[in-house]
Amino acid sequence: MRDETFLPARKGLGQNFLHDQRVIADIVAGLNPKIDDTVVEIGPGRGALTKLLLERECDLHLIEFDRDLANYWRDKAATIAHLTLYEIDVLKFDFGDFLGNSPIRVIGNLPYNISSPVLFRLLEARKRITDMVFMFQKEVVDRMVAQPGSKQFGRLSVMLQQACRCERILQVPAGAFSPPPKVKSAVVRIVPQEVSDYRLIDEGVFGRLVKQAFSMRRKTLRNSLKEWFDAKDYETLEIDSSNRPERLAVGQFVALANCFANKSGL
Ligand code: SAM
């Protein structure tokens, strides 16, 4: 599709369109959709990824919020049997409910200003999501795949790695986009685990605990979680309470959350 078919890029909707054909092919290869797959693409834009996804002949569902781009894709969907358009803000899209409960695969070069809320929304629906391939700001991908002890390791790393395997598959230079963004980008593949290595008694407790621990990153666990645990709890779990949260493994956060859930009779 030619650029001149479309209106100028809208900054407010994070419209940095991919034009590097090699990068585009690598992203689609990262998902590698098959003909029987149901694939959801968030933000097809001018169709950089969409064009290759259509060639795979999978059942393709597009979510696009820009009215002009949505008009374009609505016309296409009218003539392509395996293409469906949803003209909606992705933050209002119900991933849990659409098309019943069949497995879906998700792909997108997301607007960077909404990447975290989109991700947390998808995590809520992860039971039906086979895998996801996303372009994000490089710093976000660094945090997703970070290991304990690094300064990138934080709330996003723990929340994501409790439930999913995450792998960086590509670094993408700003020149691969038009207009080029001011930040570096990277592509990540996220695979929700059907049975997590880290089983939780209560997901809500885990979410609150991780948030609390990292809200005071420079404080020790003993201080930041003083309302949650006493010295005996740390002793039983063999966790050093003088540690800062970034030193704890994901499994140790899970152990703390389960300990709290047990104490509270959840
Ligand atoms: N996939 C295209 C590409 O790689 O060139 C476009 C990527 S561009 C970074 C982001 C796309 O998401 C744009 O098409 C934009 O209109 C769309 N978008 C922005 N905010 C959105 C939202 N809240 N819901 C759905 N789509 C949105």
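**Domain arrangement and local geometry of the predicted model**

The C-alpha centres of domain 1 and domain 2 lie 33 Å apart. In the protein chain, domain 1 covers residues 4–192 and domain 2 covers residues 203–263, the bounds coming from an automatic or database domain assignment. The structure is a predicted model, in which local features need pLDDT of at least 70 and side-chain atom pairs count only at pLDDT 80 or more, whereas totals for chains, interfaces and linings use all residues. Residues are numbered from 1 along each chain as its sequence is written, and side-chain values use heavy atoms, with hydrogens and water left out.

The protein chain contains ten helices and nine strands (DSSP runs numbered from the N terminus, with H or I over at least four residues for helices and E over at least two for strands). Its C-alpha trace spans about 65 × 40 × 30 Å along the principal axes. The radius of gyration, taken over C-alpha atoms, is 21 Å, which agrees with the value near 18 Å that a compact globule of 266 residues would have; the globule rule is 2.2 Å times the number of residues to the power 0.38.

Between the domains, twelve residues of domain 1 are in contact with 15 residues of domain 2, contact meaning heavy atoms within 4.5 Å. The two domains bury about 1100 Å² between them, 68% of it on carbon and sulfur atoms; buried area is the accessible area (1.4 Å probe) that two parts lose on being put together, summed over both. Phe153, Arg155 and Val158 supply 44% of the area that domain 1 buries against domain 2, more than any other three residues.

By the rule that a side-chain nitrogen of Lys or Arg lies within 4 Å of a carboxyl oxygen of Asp or Glu, the count comes to eight salt bridges. One salt bridge is counted between domain 1 and domain 2. Glu203 forms a salt bridge with Arg126, and their closest N and O atoms are 3.0 Å apart. Glu203 belongs to helix α7 (residues 203–215), while Arg126 is in the loop between α4 (115–124) and β6 (129–137), 77 residues apart.

Two local features concern the backbone. The peptide bond from Ser178 to Pro179 is cis, with omega near -10°, and Pro179 lies in the loop between β8 (177–178) and β9 (185–192). Glu57, although not a glycine, has a positive phi of about 60°; Glu57 is placed in the loop between α2 (48–55) and β3 (59–63). Most residues other than glycine have a negative phi, and most peptide bonds are trans.
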